[in-house]
Amino acid sequence: MALLNILHFPDPRLHKVAQPVARVNAFIHQLAQDMAQTMYAAPGVGLAATQVDVHLRVVVIDISTDKSQLITLINPEILWASEETKVWEEGCLSVPDIFDNVARPARVRVRALNLDNQYFELEADDLLAVCIQHEMDHLMGKVFVEHLSSLKQTRIKNKIKKQARKASLAK
Ligand code: NI
């Protein structure tokens with residue numbers, strides 16, 4: 001197992017569109033395992049392969065507090081989304097220390113392959129629905145801050161630049 005390096009916004013590699021997984025093989029098993037370990041270590045509740053610079057449709061999510069509910073979604077597709085939306089304060093391991101409100105469908109039904117190469121369906125609400133949609137955005141090359149106004153996005157980029165300058169001065 002290995003900890004993977006997480007790309008930080010505004011890295012252009014976060015905007016690559018991920019390709020479908022053709023076969024759930026040993027490489028995908030290893031990737032999913034490493035992604036889960038990286039997510040838990042961060043710590044975070046979700047991670048998309050895009051964030052570790054692997055441009056395949058693989059997502060790991062665990063919203064439990066005791067790391068007991070790991071979900072691996074391979075080639076996920078949204079089958080249905082509610083018309084009702086919900087606003088949630090989101091954060092992202094690729095955008096450290098930034099949290100902001102995003103409105104998304106309150107409930108979704110998703111279909112994906114699991115690590116045994118079997119399709120399964122999942123209906124989600126609340127945080128799990130937010131996570132699934134947030135991570136699937138990553139697979140499309142979209143970071144959650146792109147749901148915010150352009151003014152807010154500019155502020156966030158400036159804040160991140162400042163943080164990076166501070167971090168390099170501290171070295
Ligand atoms: Ni994210």
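**Note on the predicted model: cysteines, nickel site and cores**

1. C131 is buried, since its relative accessibility is 4%; buried means under 20% relative accessible area, exposed over 50%, and partly exposed in between (1.4 Å probe, protein chains only). The model is predicted, so local features need pLDDT of at least 70 and side-chain atom pairs count only at pLDDT 80 or more, while totals for chains, interfaces and linings use all residues. Residues are numbered from 1 along each chain as its sequence is written, and side-chain values use heavy atoms, with hydrogens and water left out.

2. The structure has zero disulfides, a disulfide being a pair of cysteine sulfur atoms within 2.5 Å. C131 is in none, and the nearest cysteine sulfur, that of C92, is 10 Å away. C92 also counts as buried, because its relative accessibility is 10%.

3. Which residues hold the nickel ion? The protein donors are C92 through SG, and H134 and H138 through NE2, at 2.1 to 2.2 Å from the ion. Donors here are N, O and S atoms within 2.8 Å of the metal (3.2 Å for Na, K and Ca); water is not among the atoms, so sites may look incomplete. Along the chain the spacing of the donors is C-x41-H-x3-H.

4. Both histidines, H134 and H138, belong to helix 2 (residues 126-139) and sit four residues apart, about one turn of the helix. Helices (H or I, at least four residues) and strands (E, at least two) are DSSP runs, numbered from the N terminus. H134 is buried because its relative accessibility is 7%; H138 is buried too, at 0%.

5. The largest nonpolar core has 17 residues, and V59, I61, L73, L122, A124, L128 and I132 touch the most other members. Such a core is a set of buried Ala, Val, Leu, Ile, Met, Phe, Trp, Tyr and Cys residues joined through side-chain atoms within 4.5 Å. At least two residues each come from strand 2 (58-61), strand 3 (71-81), strand 6 (107-113), strand 7 (119-125) and helix 2. Helix 2 gives the largest share, six residues.

6. Beyond its neighbours within four places in sequence, V59 is in contact (heavy atoms within 4.5 Å) with M35, L47, A48, I71, T72, L73, E135 and L139. Another core, of 15 residues, lies apart from the largest one and includes V24, M35, A49 and L113.

7. Q37 is in helix 1 (residues 26-41). Q37 is partly exposed because its relative accessible area is 27%. Q37 and L4 are 33 residues apart in sequence, with their C-alpha atoms 8.5 Å apart in space.
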